Amino acid sequence: MATIVGGKGTFMLAALDESYKLTKVEIGRPAPGPNDVAIDIKYCGMCHSDLHTINGDWGAGKYPIAPGHEAAGVVREVGAEAAAAGFKVGDNVAVGCMVMSCLSCQFCTTGLEQHCPKMCQTYGNMFPAGCDHNDCSGTHTNGGYSTDITVHKRFVFKVPEFMKLEHAGPLCCAGITTYAPLARHVKGKADQNVGVVGFGGLGHMAVKVAIAMGAKVTIFSRSDAKKADAAALGADLVVTSDTAAIGGLFRHFDCILDTVSCHHEINSIISTLKAYTGILVLIGGVPQPYELAGFPMVFNGTRVEGSLIGGAELTQEMLEFCAAHKVLPETEIINAKDAEASLHLLNDGVGGVKRFVIDAATIKDM
């Protein structure tokens, strides 16, 4: 087995190339610095971003790489400054899509660490110069498909009491990705109409969060196959090819979240946004360019926004909100030996709304 990053002791499921084949690899994690929290991972969710990183869609190209930015576990060791910040051995914690930033720029000081030019993602990024992990110089980050991880306290989140760890990890990706734009545009406002494009794992969370904020929700889907599932959550569903149904929603929505992660047609729903006050938010991370028709956008006063996860403070807020409102992802815990097959199911769109969650205790035994 290959050994990278200063030693041994941590086992991870790693992609060695652009295929979805996962191999057990042993690495060394850095000893925690004064600001760090060392975590024994119990569970890690599998996200569509993992596919994009492995197969090269996002141009990462760093191998071997362990994906996974939906990790949750138990604190094993804390640095002095992390302890002063309230972390202690035995805490249930979660780690999302970031593990470091510069901590001092205008974005980091205003709760927008995800937009920091030196933001370091949980996997596939180079460790920033000057971080506490001096033994990590010149290496890339490896994520939550592993038995443990060491993270700066800023990006470690306390899991609320009674929230299960297998739920907390996925919330730090799908939860915050949907919560952040809804917190900006919907939360605290009365009589909000929210549209959600797509009803997979990300769309499912968007529906739950928006309803918990008091909004009326409509799902845009390619077919009516999930109409009963939508109704069970309290949402309506319209088929995007049904021109009569789309026409009946003319200038209806205050906010539409587009959660689809592959190329798709979006122009048909532009007219359903309220003029100038309505906004289309892109959160699906599509690597291919969108085709947006300028003419209907001009005549409908359409606003379009991209949204990338959320900052550290907002992520902790999201976890507390989801715990209070019982907003949880649908999950299926899997053995590590089944993770490779689950990647293929995810790629083929077979998983539905469920999040595959790797039981990290089974990685070492592969």
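Which residues have the most contacts inside the largest nonpolar core? In this predicted model, they are Tyr145 and Ile358, and the core around them has 94 residues. Helix H3, spanning residues 165-185, gives the largest share of this core, with 10 residues. The core also draws on two domains, taking at least three residues from each of domain 1 (5-158 + 330-365) and domain 2 (176-306). Apart from this core lies another one, of 12 residues, which includes Val238, Ile246, Ile269 and Leu280.

**Around Ile358**

If you centre your viewer on Ile358, you can trace its contacts through the sequence. Leaving out residues up to four places away in sequence, Ile358 touches Leu13, Lys42, Tyr43, Cys44 and Met46, and also Tyr145, Ile334, Ala336, Ala339 and Ile363. Tyr145, a partner of Ile358 in this list, is the residue named beside Ile358 for having the most contacts inside the core.

Next, have a look at strands S1 and S2. Strand S1 covers residues 10-15 and runs antiparallel to S2, with 6 bridges joining the two. Together S1 and S2 make a hairpin, with 6 residues between them. Strand S2 itself (residues 22-27) is mostly covered, as 5 of its 6 residues are buried.

**Backbone points to check**

Most residues other than glycine have a negative phi, and most peptide bonds are trans.

| Residue | Phi | Loop | Relative accessibility |
|---|---|---|---|
| Asp191 | about 55 degrees | between H3 and strand S10 (193-197) | 72% |
| Arg251 | about 50 degrees | between helix H6 (243-247) and strand S13 (255-258) | 35% |

Is Asp191 buried or exposed? Asp191 counts as exposed, because its relative accessibility is 72% and the cut-off for exposed is over 50%. Arg251, at 35%, is partly exposed, so it falls between the limits of under 20% for buried and over 50% for exposed.

Pro64 is in the loop that runs between helix H1 (48-54) and strand S4 (71-78).

Methods:
Residues numbered from 1 in each chain as written. Predicted model: local features only at pLDDT ≥ 70, side-chain atom pairs only at ≥ 80, totals over all residues. Heavy atoms only, no water. Core = buried A, V, L, I, M, F, W, Y, C linked by side-chain atoms within 4.5 Å. Buried < 20%, exposed > 50% of the residue type's maximum accessible area, 1.4 Å probe, protein only. Helix = DSSP H or I, 4+ residues; strand = E, 2+ residues; numbered from the N terminus. Domains from an automatic or database assignment. Contact = heavy atoms within 4.5 Å. Pairing = 2+ DSSP bridges.
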